[in-house]
Amino acid sequence: MRCSLINSGAARAAGVALISCRPLDYGVKNVGAGWTSTEKLGGEACQFVTAVMDESFQRAVEEVKVLDQRPAYSVLADVYGLYKQATVGDVNIDRPGMFDLAGRGKWDGWNGKKGMSKEEAMVAYIDLVEDLKKKYGFTKSV
C-alpha cells in the first residue's frame with residue numbers, strides 16, 4: 001500500500017485510518033495484520049484499520065449508485081474495475097466476445113487494475129467516489 005494513496009484527503013474524509021508506514025525493498029501482500037515480502041519493488045507500505053476501511057468502502061459503494069448525474073462509460077469502467085479488484089482480486093474470467101460491448105468495457109476496466117492489492121483498490125475506489133460526488137453531484141443521503 002502506498003502511503004501517499006492512503007493519506008489522500010478523500011481517503012481521510014471517508015474515514016480510512018492509517019496506523020503506520022514503513023519503507024520496504026520488496027512488494028508486499030497483506031497477510032492478516034502482518035506483511036509478507038513477495039518481490040523487489042521499493043517504495044513504502046502502510047498498515048491501516050481494515051474495519052474502518054470496509055465500512056467506508058461499503059458506504060462509497062452505495063453512494064456511487066445515487067450520484068445526481070451519470071458519469072461517462074469510461075469512468076464507470078474505472079468504478080467497476082476498482083470494485084471488482086477490491087472484492088475479487090485480479091481478473092479471473094476470459095474477456096467477453098466482441099458483441100458484448102458493455103461486458104468488454106467492464107472487463108477492460110477490471111483488467112486495468114491487475115496487480116493492485118484489494119486494500120489499495122478499496123482506497124482508490126473511495127477516493128474516486130469522493131471525486132465523483134464533487135464532479136457529478138451528490139445530494140441524497142444513503
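Contact here means that heavy atoms lie within 4.5 Å. The model you see is a predicted one.

**The core**

F57 also belongs to the largest nonpolar core, a group of 20 residues. Those with the most contacts inside this core are F57, V64, V79, L82, Y125 and L132. Three helices each supply at least two of the core residues: α3 (50-64), α4 (73-87) and α6 (118-136). Which helix gives the most to this core? That is α6, with 10 residues.

**Aromatic rings**

Next come the rings. The structure holds 3 aromatic pairs. In one of them, the ring centres of Y83 and Y125 are 6.3 Å apart and the planes meet at 55 degrees, so this pair is tilted. Y83 sits in helix α4 and Y125 in helix α6, 42 residues apart, and the pair thus links distant parts of the chain. The two partners can be told apart by their accessibility: Y83 is partly exposed, with a relative accessible area of 33%, whereas Y125 is buried at 3%. F57 returns here as well, because ring pairs link F57, Y83 and Y125 into a cluster.

**Helix α5**

Now turn to α5, where G103, W107, G109 and W110 are buried. Viewed down the axis of α5, its buried residues fall within an arc of 160 degrees, so they line one face of the helix. What do the buried residues of α5 pack against? They pack against α4.

**Salt bridges**

Side chains of opposite charge can pair when their charged atoms come close. In this model the count comes to 5 salt bridges, and the table lists some of them.

| Salt bridge | N to O distance |
|---|---|
| E62 and K65 | 3.4 Å |
| D108 and R95 | 2.8 Å |
| E130 and K133 | 3.3 Å |

Take E62 and K65 to begin with. E62 counts as partly exposed, at 34% relative accessibility, while K65 counts as exposed, at 59%.

For the salt bridge of D108 and R95, the location is worth a look. D108 lies in helix α5 (residues 101-111) and R95 in the loop between α4 and α5, so the pair ties together parts that are 13 residues apart in sequence. D108 is partly exposed, at 35% relative accessibility, and R95 is partly exposed with a relative accessible area of 38%.

Are E130 and K133 buried or exposed? Both E130 and K133 are buried. They stand 3 residues apart in helix α6, which means they are separated by about one helical turn. Salt bridges that share partners join E63, E130 and K133 into one network. K133 also meets a ring: its charged end sits over the ring of F138, 4.8 Å from the ring's centre.

Key:
Residues are numbered from 1 along each chain as its sequence is written. This is a predicted model: local features need pLDDT of at least 70, side-chain atom pairs count only at pLDDT 80 or more; totals for chains, interfaces and linings use all residues. Side-chain values use heavy atoms; hydrogens and water are left out. A nonpolar core is a set of buried Ala, Val, Leu, Ile, Met, Phe, Trp, Tyr and Cys residues joined through side-chain atoms within 4.5 Å. Buried means under 20% relative accessible area, exposed over 50%, partly exposed in between (1.4 Å probe, protein chains only). Helices (H or I, at least four residues) and strands (E, at least two) are DSSP runs, numbered from the N terminus. A salt bridge is a side-chain nitrogen of Lys or Arg within 4 Å of a carboxyl oxygen of Asp or Glu. The arc is that of the directions from the helix axis to the C-beta atoms. Rings of Phe, Tyr and Trp (its six-membered ring) pair if their centres lie within 6.5 Å; planes under 30 degrees apart count as stacked, over 60 as edge-to-face and the rest as tilted. A charge sits over a ring if NZ of Lys or CZ of Arg is within 6 Å of the ring centre and within 35 degrees of the ring normal.
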